[in-house]
Amino acid sequence: MHHLRNNLSRFRLVTFDVTDTLLEYAVRPERHYAQVINAVLEPRLGLTVREEQVARSFGRCFRTLKQQHPNFGAGRKAQQEEGWHWWWRTLVEQVVVDAAAAAAAPTVPERAAVPPALLRAIAEQLIDDYTHDGQRVCWRQRPGASELLAQMRDPARTLGIVSNFDPRLEIILRNNGVAPGQVVDFVVTSYEAGVEKPDPAIFESALRRANGLTGAGTGRKEIAPHEALHIGNLCREDYGGAREAGWCAVLVNVPPNDKNRKLLESIPSEHVFTGLPELQRRLESPTRLEW
């Protein structure tokens, strides 16, 4: 604990990414999606989608919708229907249509025609599942999350969340033992900030939030960017965005794909960890960590 305090002594603000940093999917999303979709389509249309079809459809539809309407539809907030809910419902419905078309035999394309009422029912079910997760099948903490958060709690340090996410995040965090106002001090989502990581503006928004909580402006010195540390799992969004904002950053659980392998070539190896337990062991070691 003494060494952890020393390694973190310069930081008055520590923030975390969420997905695959503090939390992870309890089951692969394509598996849960397929189960929900098939529970509706099999008895009504005699149609069964496979997990791999759902995964391919989700990837294609997500990329297209994100390009057309970035940041979970945040630009639609002023319209009648809330942007994020419209965005996810649209995505799920597109995934179902795409996966159903792949599952239907070419000779009976009419089987792939899913009625709008069924599309809406599937979408609303999945949105509710990934928000409230009443059966605890969607989300769970990453190994070491509770331990590291507990060790980092300090009256002199503010803990926060900076995540490319929609407004459901606070509910999800609370349901998974990372309650805002208790375990962490604040949450900044891209939807709220109006920009997504790696835009430095989302980190600047988090810094303003932290300074508001610590009483900066009432005689207490403001937290400076170099006194902030961000912990995430994506090279460009988390590490690159935080560094561009003047923060320090480390990576955990980096996805092992070609894009990240290339990006990791320019990131110091001492800033990259397999997971939160390894990061905590390194912070607790007597060797000073070079930020």
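Colleague: Is Cys 248 buried or exposed?
Modeller: Buried. This is a predicted model, and in it Cys 248 has 6% relative accessibility. Buried means under 20%, so Cys 248 counts.

Colleague: And what about Cys 235, buried or exposed?
Modeller: Cys 235 is buried too, at 5% relative accessibility.

Colleague: How many disulfides are there?
Modeller: A search of the whole structure turns up 0. Cys 235 takes part in no disulfide, and its nearest cysteine sulfur belongs to Cys 248, 17 Å away. A disulfide needs the two sulfur atoms within 2.5 Å.

Colleague: Remind me what a disulfide is?
Modeller: It is a covalent bond that links the sulfur atoms of two cysteines.

Colleague: New topic. How many helices and strands does the protein have?
Modeller: It has 13 helices and 8 strands.

Colleague: What box do the C-alpha atoms fill?
Modeller: Roughly 70 × 40 × 35 Å, along the principal axes.

Colleague: How much of the protein is buried?
Modeller: Buried residues are 49% of the 291. The protein exposes about 13600 Å², with 51% of that from carbon and sulfur atoms.

Colleague: Last one, charges. How many positive and negative side chains?
Modeller: There are 36 positive and 36 negative. The centres of the two sets lie 2 Å apart.

Key: Residues are numbered from 1 along each chain as its sequence is written. This is a predicted model: local features need pLDDT of at least 70, side-chain atom pairs count only at pLDDT 80 or more; totals for chains, interfaces and linings use all residues. Side-chain values use heavy atoms; hydrogens and water are left out. Helices (H or I, at least four residues) and strands (E, at least two) are DSSP runs, numbered from the N terminus. Buried means under 20% relative accessible area, exposed over 50%, partly exposed in between (1.4 Å probe, protein chains only). Accessible areas come from the Shrake-Rupley method with a 1.4 Å probe; for residues, only the protein chains shown count as cover. Lys and Arg count as positive and Asp and Glu as negative; His and the chain ends are not counted. The place of a charge is taken as NZ of Lys, CZ of Arg, CG of Asp or CD of Glu.
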